[in-house]
Amino acid sequence: MAIIKLLAETGILAILLTLAGWAFVFKNSRALALQGEINTIASTIEKTLQEVADENYKFWKDVEADDADHLAKSRLFSSYIEHRCNMVERKIGLFCGKCKDSVNPAVERLKTHDKCIELIAKIRDRSTMDSEKPSEVKEKYLRINSINNLTLKLSNEMNLMITTRSQPMSQWEWPHNY
């Protein structure tokens, strides 16, 4: 008790409390900034996925002929989808890299990166497969629904990562996730 009284009288206790407060504020502001970055990246990915789904709907809903005009449109469509999917792949790597800085050990077990890359590959394949030859595609609306379902699955994987990353310790499922 005498030590605390001495530290208080000399002003050292106030300095130590101030430094501890600064460290606490710094750590929390870094954590909030990181969570903001993660949310922004996830939002950007979801927006790009919606663009891919919309473009697929536009392309596949009215496709009919196998003429030269359609071939040009299908090449533009394939190029657009390839570009958007490549952007999503890059952002998924960034997203998963930022999410790994988590206290929750379940984040490592989710394997979000691998699942998301696999889903974006399926989206790319289903979007562009046989786009040059629409007569070979029997169920165009089934294809649209399949792509919409895959984009929703990818979005759900990212949301699971975000919610798992920010879970309080009281909600961690021991030993199931660890």
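Student: Which residue does E118 form a salt bridge with?
Tutor: K122, with the closest N and O atoms 3.6 Å apart. A salt bridge here is a side-chain nitrogen of Lys or Arg within 4 Å of a carboxyl oxygen of Asp or Glu. This is a predicted model in which local features need pLDDT of at least 70 and side-chain atom pairs count only at pLDDT 80 or more, while totals for chains, interfaces and linings use all residues. Residues are numbered from 1 along each chain as its sequence is written, and side-chain values use heavy atoms, with hydrogens and water left out.

Student: OK, and where do E118 and K122 lie?
Tutor: Both are in helix α5, four residues apart, or about one turn of the helix. Helices are DSSP runs (H or I, at least four residues; strands are E, at least two), numbered from the N terminus.

Student: Switching topic: at what angle do the axes of α3 and α5 cross?
Tutor: Roughly 175 degrees, with the axes of α3 (residues 68–99) and α5 (residues 112–128) coming within 10 Å. Axes are lines fitted to C-alpha atoms, for helices over the stretch in contact, and angles run from 0 to 180 degrees between N-to-C directions. α3 and α5 are therefore roughly antiparallel. The cut-offs are under 35 degrees for roughly parallel, over 145 for roughly antiparallel, 65 to 115 for roughly perpendicular, and oblique for the rest.

Student: Which residues make the contact?
Tutor: On α3 they include F77, I81, E82 and E89, and on α5 they include H113, I120, I123 and R124. Contact means heavy atoms within 4.5 Å. The residues of this contact divide into ten nonpolar, seven polar and three charged. Ala, Val, Leu, Ile, Met, Phe, Trp, Tyr, Cys and Pro count as nonpolar, Asp, Glu, Lys and Arg as charged, and the others, Gly among them, as polar.

Student: And L150, buried or exposed?
Tutor: Buried, at 5% relative accessibility. L150 is in helix α6 and, leaving aside neighbours within four places in sequence, is in contact with L119, K122, I123 and R126.

Student: What does S155 touch?
Tutor: E46 and L49, not counting residues up to four places away in sequence. S155 is in helix α6 (residues 140–165) and is buried at 12%.

Student: Last one: what is the mean pLDDT of the chain?
Tutor: 85, and 96% of the residues reach 70 or more. pLDDT is the predictor's confidence in each residue, from 0 to 100. Among the elements, α5 has the highest mean (93) and helix α4 (residues 106–109) the lowest (76).

Key:
Buried means under 20% relative accessible area, exposed over 50%, partly exposed in between (1.4 Å probe, protein chains only).
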